[in-house]
Amino acid sequence: MEKKVAIVTDSNSGITQAQAKEFGVTVLPMPFMINEETYYEDITLNQTEFYERLESGVNVVTSQPSPESVLKLWEGLLTDHDEIVHIPMSSGLSGSCQSAIMLAEDFDGKVQVVNNQRISVTQRQSVLDAKMLAGRGMDAAGIKEFLENDKFNSSIYIMLDTLYYLKKGGRITPAAAAIGTMLKLKPVLQIQGEKLDAFAKARTVNQGKSIMMTAIKNDMENRFGGASAENIWLQVAYTKNLDAAEHLVEELEREFPGFDIVCNPLSLSVACHIGPGALAIACCKKVK
């Protein structure tokens, strides 16, 4: 008999609670500590409130979901599902994946935690892929294996507007931040597998966009089997600057005609480290 599989992710996927209902998936809200008080993404903390707090200089720290909240969620879902596929944010960027893997050990294989090192719009696509595979009758272990084998078939490039938050989080040295700020550099970072790495330095926003577009096109052609709409999902993500993101979507539509382009706010866990004003271009290979 076909198994009933529940798909679970966290709010780092950018999937809101409202969209989760629409997609038929479950989203675990990520907790944040703001001045020692706990808030939950998209439950007690929305995008606007988050940026107000962040820019007022208060201490905003990402946390991971408590073991109790994860277990309660899983146990609830297993009352009317046979299995669960749990897709957390990249293990390289948070400890929540490792914690979930340990918690799943007590569920006799009924909970499969996917470590496919995705975040934001690429994590969102993994969730939709998992839902589709479950709809085709694949069981939880099969979906986990499929998604982990597919993990490097995605790319993200992010251009930052400010170096302040990377410096604050200890991701770059104060000296590097000072020089970058003085030269008004727009660093372009990439997320490839586990890590958030430096990729290039742009002098202007337009140069940064052009660097990201070229890099994405290269990945499509050299790693993902061709830059075609049948083959690739194209995505834009941003922190607090919807107008700039929509403008970038228009530029991408000219550069990649016919592609479906999803545009989403970057998850708050990433925004904490990079601050407002960031723009990202991402792509994933489509599941055939």
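Which residues does R124 touch, not counting residues up to four places away in sequence?

1. R124 touches S13, I15, F23, V262 and N264 once residues up to four places away in sequence are left out; contact means heavy atoms within 4.5 Å. R124 is found in helix α5 (residues 120-135). Helices (H or I, at least four residues) and strands (E, at least two) are DSSP runs, numbered from the N terminus.

2. This is a predicted model, in which local features need pLDDT of at least 70 and side-chain atom pairs count only at pLDDT 80 or more, while totals for chains, interfaces and linings use all residues. Residues are numbered from 1 along each chain as its sequence is written, and side-chain values use heavy atoms, with hydrogens and water left out.

3. R124 is buried yet has no salt bridge, and the nearest side chain of opposite charge, E22, is 7.5 Å away. Buried means under 20% relative accessible area, exposed over 50%, and partly exposed in between (1.4 Å probe, protein chains only). A salt bridge is a side-chain nitrogen of Lys or Arg within 4 Å of a carboxyl oxygen of Asp or Glu. For charge, Lys and Arg count as positive and Asp and Glu as negative; His and the chain ends are not counted.

4. By this rule the count comes to eight salt bridges. One of them joins the side chains of K240 and E55 (2.9 Å, N to O). K240 lies in the loop between β11 and α10 and E55 in helix α2 (residues 47-55), so the pair ties together parts that are 185 residues apart in sequence. K240 is partly exposed at 47% relative accessibility, and E55 is partly exposed at 40%.

5. E148 and K144 also meet in a salt bridge (3.1 Å, N to O). These two residues are four apart in helix α6 (residues 140-149), about one helical turn. E148 is partly exposed at 24% relative accessibility, and K144 is partly exposed at 23%.

6. A further salt bridge is formed by E251 and K209, with the closest N and O atoms 2.7 Å apart. The pair links distant parts of the chain, E251 being in helix α10 and K209 in helix α9, 42 residues apart. Both E251 and K209 are buried.

7. The buried residues of α10 are A245, L248, V249, E251 and L252. Seen down the axis of α10, they fall within an arc of 165 degrees, so they line one face of the helix; the arc is that of the directions from the helix axis to the C-beta atoms. These residues pack against α9 (205-222), β11 (232-238), β12 (261-265) and β13 (279-285). The face turned away from the buried side carries the exposed residues D243 and R254.

8. N241 is found in the loop between β11 and α10. N241 is buried, with a relative accessible area of 15%. Leaving aside residues up to four places away in sequence, N241 touches G277, A278 and L279.

9. Strand β1 (residues 5-10) is mostly covered, six of its six residues being buried. V5, I7 and T9 lie on one side and A6, V8 and D10 on the other. β1 pairs in the parallel sense with β6 (residues 83-87) over five bridges and with β2 (residues 26-28) over three bridges; two strands pair if DSSP finds at least two bridges between them. The bridge partner of T9 in β6 is I87, and V8 stands opposite T26 in β2.
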